[in-house]
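The entries follow the order in which I consulted the structure.

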Amino acid sequence: MSANHLVVWNARGLNTSARCSVVRDIIVAQRRASIVCLQESKVANFSVAMNNEIAGNDFDYFCLPAVGVAGGAVVSWRRDLWCATSPCARRFSVTIKLTPLNGHGEPWWLTNVYGPTARADKADFLQELRDVRASCPGPCLLCGDFNLIYKASDKNNGRLHHGLMRRFRNVIDDLQLE
């Protein structure tokens, strides 16, 4: 992306104007941000007006709506720098194919995830990661809030689920993610 920046952030809710202002301030601070990935929007009806308030008028967006006031993910991109195609919203992710408009660089896939907090949904989420990668050939970036632990040192308390950690590591290895 050269001089362009990518902002990835768990917003923990965009359902108040105060929270939207905080997120907007972060994006403005990253003056060269050309792609913004937000997770946990908690907004079921994300609108053009909301995207403009948060990312700015130069940004288009695609989103995974929240279910009620839980979850949700948004990808916004500067329309003068990127052509976005092939949008796909799944249960836990939103994917788009981005092509630089300056003619430099190849198209690539961007997937923004908000992983489930409920243990019962973790297996479906891990399968979705596999399905997304299988449907997006070529270069890709998978980012977001996975709500899973890769290794014990990533956890801030001693409550670990080693089976889920192992399954998450297997997906990372199988998909050759870094």
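Predicted model: local features only at pLDDT ≥ 70, side-chain atom pairs only at ≥ 80, totals over all residues.

The notes below cover a sheet, the helices beside it and several single residues.

Entry 1. I looked up the strand order and found an open sheet of four strands, arranged E5-E6-E7-E8 with mixed pairing. Which strands stand at its edges? They are E5 (82-89) and E8 (140-145); each has a single partner strand, so one side of each is left without a neighbour in the sheet.

**Entry 2. The pairing of E5 with E6.** E5 and strand E6 (residues 93-100) run antiparallel and are joined by six bridges. The two strands form a hairpin, with three residues between them. Cys-83 has Thr-99 in E6 as its bridge partner, and Thr-85 stands opposite Lys-97 in E6.

**Entry 3. Ser-86.** While in strand E5 I looked up Ser-86, which lies in that strand. Its phi is near 55°, a positive value in a residue other than glycine. I recall that most residues other than glycine have a negative phi. Is Ser-86 buried, partly exposed or exposed? Its relative accessibility is 41%, and Ser-86 therefore counts as partly exposed.

**Entry 4. Ser-34 and Trp-82.** I turned to strand E2 (residues 33-39), where Ser-34 has its place. Ser-34 has a relative accessible area of 0% and is therefore buried, the cut-off being under 20%. Its side chain is joined to that of Trp-82 by a polar contact of 3.0 Å.

**Entry 5. Helix H3 on the sheet.** I asked next where H3 lies. H3 lies across E6, strand E7 (108-114) and E8, and runs at about 170° to E7.

**Entry 6. Helix H3 against helix H4.** I looked up how H3 (residues 122-135) packs with H4 (residues 162-174): the angle is about 5° and the axes are 10 Å apart. Angles under 35 degrees count as roughly parallel, and H3 and H4 are therefore roughly parallel to each other. I listed the residues that meet. From H3 they are Lys-122, Leu-126, Leu-129 and Arg-130; from H4 they are Leu-164, Arg-167, Phe-168, Asn-170, Val-171 and Asp-174. By class, the residues of this contact of H3 with H4 divide into five nonpolar, one polar and four charged.

**Entry 7. Thr-117.** I examined the loop between E7 and H3, where Thr-117 is found. Thr-117 has 61% relative accessibility and so counts as exposed. Which residues does Thr-117 contact, leaving aside its neighbours within four places in sequence? They are Lys-122 and Asn-147; Lys-122 is also one of the H3 residues that meet H4. I also noted the distance to Phe-146: Thr-117 and Phe-146 are 29 residues apart in sequence, and 8.9 Å apart in space from C-alpha to C-alpha.

**Entry 8. Gln-176.** Gln-176 is not a glycine, although its phi is positive, at about 55°. With 69% relative accessibility, Gln-176 counts as exposed.

Notes: Residues numbered from 1 in each chain as written. Heavy atoms only, no water. Axes fitted to C-alpha atoms, helices over the stretch in contact; angles between N-to-C directions. Parallel < 35°, antiparallel > 145°, perpendicular 65-115°, else oblique. Contact = heavy atoms within 4.5 Å. Nonpolar A, V, L, I, M, F, W, Y, C, P; charged D, E, K, R; others polar. Pairing = 2+ DSSP bridges. Buried < 20%, exposed > 50% of the residue type's maximum accessible area, 1.4 Å probe, protein only. Polar contact = N/O pair within 3.5 Å; in protein donor to acceptor, adjacent residues only side chain to side chain.
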